[in-house]
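Please open the structure in your viewer and keep the selection panel at hand.

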There are 2 protein chains.
Amino acid sequence: MPDVKHQKWWGWGYDGVPDFQYANKPGFAPFVRARIGLDLATAPVVRPPALSELTVPASRASAADLDALAAVVGAEHVRTDDETRVVHWAGRSVRDLIRTRAGDFTRVTDVVVYPGSEDECRRLLALAAERDLVVIPFGGGTSISGSLHAEDDETRVVVTVDLGRLNRVLSVDEHSGLARVQAGILGPDLEADLGARGLTMGHVPDSFTYSTLGGWVATRSSGMQSDKYGDIADIVKGLRLVRPSGVVVLRDLPSTSTGPSLREMIIGSEGRLGIITEVTIQVHRLPERREVIAYMFPTWDAGLLALHEVARSEAHPVFTRLSDADETAFSLSTLKAPTTPLKKAKAFGQERLWDVLRLRGWDTDAMCISYCCFEGTKRHNDREKDLVKSIVARHGGITLGSGPGALYDQKKFDTPYIRDFLLDRRTVGDVSETAAPWSKLAEVHRRTKAAAQRAFAALGRTGFVMCHLSHSYHSGACLYFTFAFVLDDARDDLEQYDTVKRAVQQEFMDAGATLSHHHGVGTEHRPWMAEDVSPEGVALLAGLFEAADPEHRLNPDKVLRTRPTPEGSATTG
Amino acid sequence: MPDVKHQKWWGWGYDGVPDFQYANKPGFAPFVRARIGLDLATAPVVRPPALSELTVPASRASAADLDALAAVVGAEHVRTDDETRVVHWAGRSVRDLIRTRAGDFTRVTDVVVYPGSEDECRRLLALAAERDLVVIPFGGGTSISGSLHAEDDETRVVVTVDLGRLNRVLSVDEHSGLARVQAGILGPDLEADLGARGLTMGHVPDSFTYSTLGGWVATRSSGMQSDKYGDIADIVKGLRLVRPSGVVVLRDLPSTSTGPSLREMIIGSEGRLGIITEVTIQVHRLPERREVIAYMFPTWDAGLLALHEVARSEAHPVFTRLSDADETAFSLSTLKAPTTPLKKAKAFGQERLWDVLRLRGWDTDAMCISYCCFEGTKRHNDREKDLVKSIVARHGGITLGSGPGALYDQKKFDTPYIRDFLLDRRTVGDVSETAAPWSKLAEVHRRTKAAAQRAFAALGRTGFVMCHLSHSYHSGACLYFTFAFVLDDARDDLEQYDTVKRAVQQEFMDAGATLSHHHGVGTEHRPWMAEDVSPEGVALLAGLFEAADPEHRLNPDKVLRTRPTPEGSATTG
């Protein structure tokens, strides 16, 4: 059995990690009852079925296929059991979760292999060419864009290549701030290794706990600290990509002008150009101190203007984040009940603060919470905090201090678990994120929320949608939407989910925002590619994929569908 | 006659701009005599010939070709006269300059057209497909990598498309800091327009005066202020690329995760994917103040360590630059003789300063001058200057102040002119630049200088090579080498030049540095592409080019040679 940890087959995280808890959060049950009509006290809880209750299609791999694969990676690293195949059959999008719970496994991967070296990856691709196998590279399986499953009409044998054994930090050039790392390493393992050397990559996506370096690169990931540390494209300085015909080796370089960027072609390629086996990342010294400060703004518009001003000020926070009024209300609803006299006093103080703000004329239902993070020396942080504080004040906001900030830092990886909790209660909770120039953000926010509400109405459901701004750039920022509604038992689950998801993504397009700031394309965002990068852009990209993989064996159908359909050929959709 | 300014046909800059002057620089003549054995007092001056003395090959465009082109852009925007064709036949590399002066015009472009709109560009590409024409997009013509000429074996009719009429700022979104600009605009015109709005792009390559936005994008340019404003790839937020089959439209976005980056495929594509007609750039408010401070270090190694520390300090200079001892000596040799009592006093003070440093134990022949630029509020700049000053002191350097810095700012665009001055005296002066991780820079510097000296020795010449560090990144920096030697009349000029250039570029490869940090590939750096991005990387790139332009009509042979040679097919070299 390969020594590779996997998430549980039906949801987010490892088996044994406790589910989302709400009993100690007195505001939560009233909030979801009020906003989406879900009564947690009475709603039946439908837990996922046991795997044995579901019918998992048999592997289509022949004995000869399996022998040939075993000859490359060793028999113990070739798995065809149902659980391993179901763990790897897809990512963890809400679509994937709904289909998995329903046993809607039209095209489960046929075999999972765990190569132990780059050379084994190379030989796997040679074998795929020889035996006409489809190859899907797999990191932590956290994709929420549909980048990891074979399409239902795939007739060839599908081999998922789990990179989990390629999980070592190979070498660190501390002087240059560069680390050569194998692609299959998980976020926590990478940071533990770097941290022991006094270093950090600083890349912290929501999926951090379960996702891998190779996955971050393949899907063009961005972490919540990107304002300081950069998106993954800023962090990657070199890499190795195994292809059927050889290995693309991009050396460790701070910058280069050698033609179209191969590095930027491989980043975001989602397995369509080959298997990323090794990445050189930029690493930083651990900061002397780190502080997350919370602020409150009277309105979304005031907060938006303030964070924009911060983005072009002489301060450089590690991240800046602004929740809209709905997300602020949601956050407050998840506060734990105070259990000690000190916490009770603080909670009491907070209520009095809201009273004071109301006396000042605030509508506390419209107020928006914000966080900025600062890293560096005390002198540096104090200066930056002063700068931000004065900008916040200029826009009518107040500084809450470091208490709520510390809370934010502790809870930052918790959100994805709530999706499984909600699905247990026949409720969809999901996210869609985008990016746009500063001048469009207010409109993208307003229009997307309205579009989601129209979709809820069309389904006859009471839905909820909230949003935060994060990932600030000089010219714009990311808007991250979360939506939820209780499924109607009388309709198809996926159809209901798609109705809302489609409305949100389409509104991004219509409002001049992008398809996804950092979740990639996969299959779920594919229908909008031509709108996002123009039909001629799709043609250019399709040309690259066709030239690199004319037989469509490398994670086909992701980003674009270039493989001919049974009825003819298609380039997208 | 189209209202588009051009450089003179035989060299750098507009006609009438005075040549490089040395009479008022008393240190210059002794310096070149000592370093390369060129005696300016006695060396014969060989001015470029008159164009009428040279044989310019006749245009191969047929009357039908010209009529068809005129039908698209108007007859007044189709030019076949010798001077226009020679101005556009190549860029301004030393190879180009030597060949132009010698009338070595094997394959001068056949016709130059000046489209007035994107639609005309689109129709020109349609016409090229219809009539089997080769299309070379042309900005300011400042390429020094051989990106603008047709290869000697090109048998088809070559059309150079000069973008000079597409030179307007179309719109500015001041709130987002984004400007939509036509690709043919020249640096000074762009900055004048933005400056009138209180804005700047901040992109200042050495070629700034004569180069265009589209050229910067097509060749993956970087300006001397990239530490703050970014390389061109950081600055471009959207663009339009005209292709024979349509227009790739990349909308204005701060960031996106939609697959392999089309933006980064088009940046650096050197015309091989189509014609860039419009670019949305990131713009900044003009800084409240700007200061360039000079420093002196006792040695190159001390300066290198100091600038590395600055790059990861809490200061963020606009640029940092460090000249090695040879470049420092060259800089001091180009100081003008003091003409006023104040200047004389300063010059005297400087000599006394060197005396003091020698008393402190410095070898003033080894000392290295450095510049850092700061922009922002007084408070911000003062803080940053303090930080840098203390880092400089920690590494044994001294702060010279703002006097030499102001001089640097005034002279920053002067270097390219010196190449023509030297060629008039049968002397080659040229540049090669690279980038590498911090831990390799000392070795790349040492090895490259040694390689150049070996090449000079092989030619039996006394050569000079100097270097500066510029463009600092977290993980590395650019090293920019300048070399010079007097040509041997008994040997072929190009062969001598190539011997040195080849030695320098090969050493970059062997020392783990890149082919070019910001001069692009063109034809002159093409032979090393497989060493820089690996043979498999070249294959991936060739696949993109072949898919995008199977008939090799779009600036063929640049970056890679994918067009079949008369003897067979080749992918590089």
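Two strands are said to pair if DSSP finds at least two bridges between them. Helices (H or I, at least four residues) and strands (E, at least two) are DSSP runs, numbered from the N terminus. This is a predicted model, in which local features need pLDDT of at least 70 and side-chain atom pairs count only at pLDDT 80 or more, while totals for chains, interfaces and linings use all residues. Residues are numbered from 1 along each chain as its sequence is written, and chains are lettered from A and ligands numbered from 1 in the order in which they are written.

**Domains of chain A**

Begin by colouring chain A by domain: domain 1 (50–162), domain 2 (169–285), domain 3 (289–411) and domain 4 (525–573). These bounds come from an automatic or database domain assignment. The centres of domain 3 and domain 4 of chain A, taken over C-alpha atoms, are 44 Å apart.

**The five-stranded sheet**

Next, select the open sheet of 5 strands in chain A, whose order is S5-S6-S10-S8-S9 and whose pairing is antiparallel. Strand S5 (169–173) and strand S9 (246–250) of chain A are its edge strands, each pairing on one side only. From one strand to the next the twist averages 10 degrees; axes are lines fitted to C-alpha atoms, for helices over the stretch in contact, and angles run from 0 to 180 degrees between N-to-C directions.

Within this sheet, show strand S8 (residues 236–243) and strand S10 (residues 275–282) of chain A, which run antiparallel and are joined by 6 bridges. Leu239(A) stands opposite Val279(A) in S10(A). Then move to S8(A) and S9(A), which pair in the antiparallel sense over 5 bridges and are connected by a hairpin through 2 residues. Here Leu241(A) is placed opposite Val248(A) in S9(A).

**The contact between the chains**

Which residues of chain A does Glu536(B) touch? Select Glu536(B), which is found in helix H20 of chain B. Leaving aside its neighbours within four places in sequence, Glu536(B) is in contact with Arg243(A), Ser245(A), Gly246(A), Val247(A) and Val248(A). Two residues are in contact if their C-beta atoms, placed from the backbone, lie within 7 Å. Glu536(B) counts as buried because it has 20 C-beta neighbours inside 10 Å. A residue is buried if 20 or more other C-beta atoms lie within 10 Å of its own, exposed if 12 or fewer, and partly exposed in between.

Select the open sheet of 7 strands in chain A, antiparallel in its pairing and ordered S15-S12-S14-S13-S17-S18-S16. Its edge strands are strand S15 (398–401) and S16 of chain A, each pairing on one side only. The twist here averages 20 degrees from one strand to the next. Strand S12 (residues 289–297) of chain A pairs with S15(A) in the antiparallel sense over 3 bridges, and Met296(A) stands opposite Ile398(A) in S15(A).

In helix H12 (residues 325–333) of chain A, the buried residues are Ala325(A), Glu327(A), Thr328(A), Ala329(A) and Phe330(A).

Most residues other than glycine have a negative phi. Select Val559(A), in the segment after H20 of chain A, where phi is near 70 degrees. Is Val559(A) buried or exposed? Val559(A) is buried, with 29 other C-beta atoms within 10 Å.

Finish at Asp132(B), in the loop between helix H5 (118–131) and strand S3 (134–138) of chain B. Asp132(B) has a positive phi of about 55 degrees, and this residue is exposed, with 11 other C-beta atoms within 10 Å.
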